[in-house]
Amino acid sequence: MIYKKALVTTLSVLAANLAFAASPVRLDIQSAWPLTLPASGQSAQHFTDRIKTTSDGSLQVKLYSAGKLVPSLEIFDAVQQGTLDAGYTSPLYVAGRFPALQLFGGVPFGPDALTYLDWIYNGGGLEIWQSIYARQGVVTIPCGLMDSEAGGWYNFEINKTSDLNGKKIRFAGLAGEVMKKSGASVVLLSGGDIYPNLERGVIDGTEFSMPAIDVAMGFEKVAKYYYLPGWHQPAAINESHH
């Protein structure tokens, strides 16, 4: 359902341009994650492939992996400024500037994936989501439903809340606000910056995604403790900016 709705909206937005185009329209799209990464990276490739198929050649789409054109955390700015046609990313990457977007990147102890999706499409969530971006001149489309995340990798044991005091950790969204109130120093890093910062001890821990994605990132090589289940993001939805 997600990809179908996304493709219908994407193609309708571009329909006017296509009607006057003498040749196929080219779109450059960048993912916020490596294209080989399970789920988030691979769904960006799937999304792009479906656009190509559905447009029947009217759209020539080039998909770039994380960081190839712009830094992952700057995709929104590039799309807004017109230097990038579209981006495949997370609402949490700009939630610091538009706090209401945190509701779409996962709610701690919140709804599971299917309930979350029901709110987006049947409970008015999508209208709120898109209206926030519309004021910035950007169209956003939900793309890629993410299931529950793991609690994250750390180089210290967590047995009580006070163990977080003074620790510098990578967290995002509403859960990051919870961690701040628990005494941690929270930073937002793109996926590619997490491993080297953990390795060098710049950060003491990180949450990132579900186990299949975490293992692909190799965090077990630079962190000692892994906590399951995750409480901070029972479900989330990635997005495409245009």
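## The second largest pocket

Helix α6 (173–181) and strand β7 (185–187) each supply at least two residues of the lining of the second largest pocket, where helices (H or I, at least four residues) and strands (E, at least two) are DSSP runs numbered from the N terminus. Of these elements, α6 gives the most to that lining, with four residues. The model is a predicted one, in which local features need pLDDT of at least 70 and side-chain atom pairs count only at pLDDT 80 or more, while totals for chains, interfaces and linings use all residues. Residues are numbered from 1 along each chain as its sequence is written, and side-chain values use heavy atoms, with hydrogens and water left out.

The second largest pocket has a volume of about 160 Å³, and of the 13 residues that line it, F171, A172, G173, E177 and L188 are the closest to its centre. On a 1 Å grid over the protein atoms alone, a pocket is an open set of points with protein on both sides within 12 Å along at least five of seven lines, a cavity is a set where a 1.4 Å probe fits but cannot get out, and lining residues have an atom within 4 Å of a point. Grid points are joined across faces, edges and corners, and a volume is the space filled by probe spheres set on the points. By class, the lining divides into seven nonpolar, four polar and two charged residues, with Ala, Val, Leu, Ile, Met, Phe, Trp, Tyr, Cys and Pro counted as nonpolar, Asp, Glu, Lys and Arg as charged, and the others, Gly among them, as polar.

## The largest pocket

The largest pocket holds about 200 Å³ of space, and its lining consists of 13 residues, of which Y154, I158, M179, Y227 and W231 are the closest to its centre. Nine of the lining residues are nonpolar, three are polar and one is charged.

## Cavities

A search of the whole structure finds three cavities of 30 Å³ or more. The largest has a volume of about 220 Å³ and is lined by 19 residues, with W33, S90, E149, F208 and Q233 nearest its centre. Strand β10 (residues 236–241) contributes the most to this lining, with three residues, and the lining as a whole comprises 10 nonpolar, six polar and three charged residues.

The second largest cavity contains about 50 Å³ of space, and its lining includes L92, G105, G106, A172, G173, H232 and Q233. Four residues of this lining are nonpolar, five are polar and one is charged.
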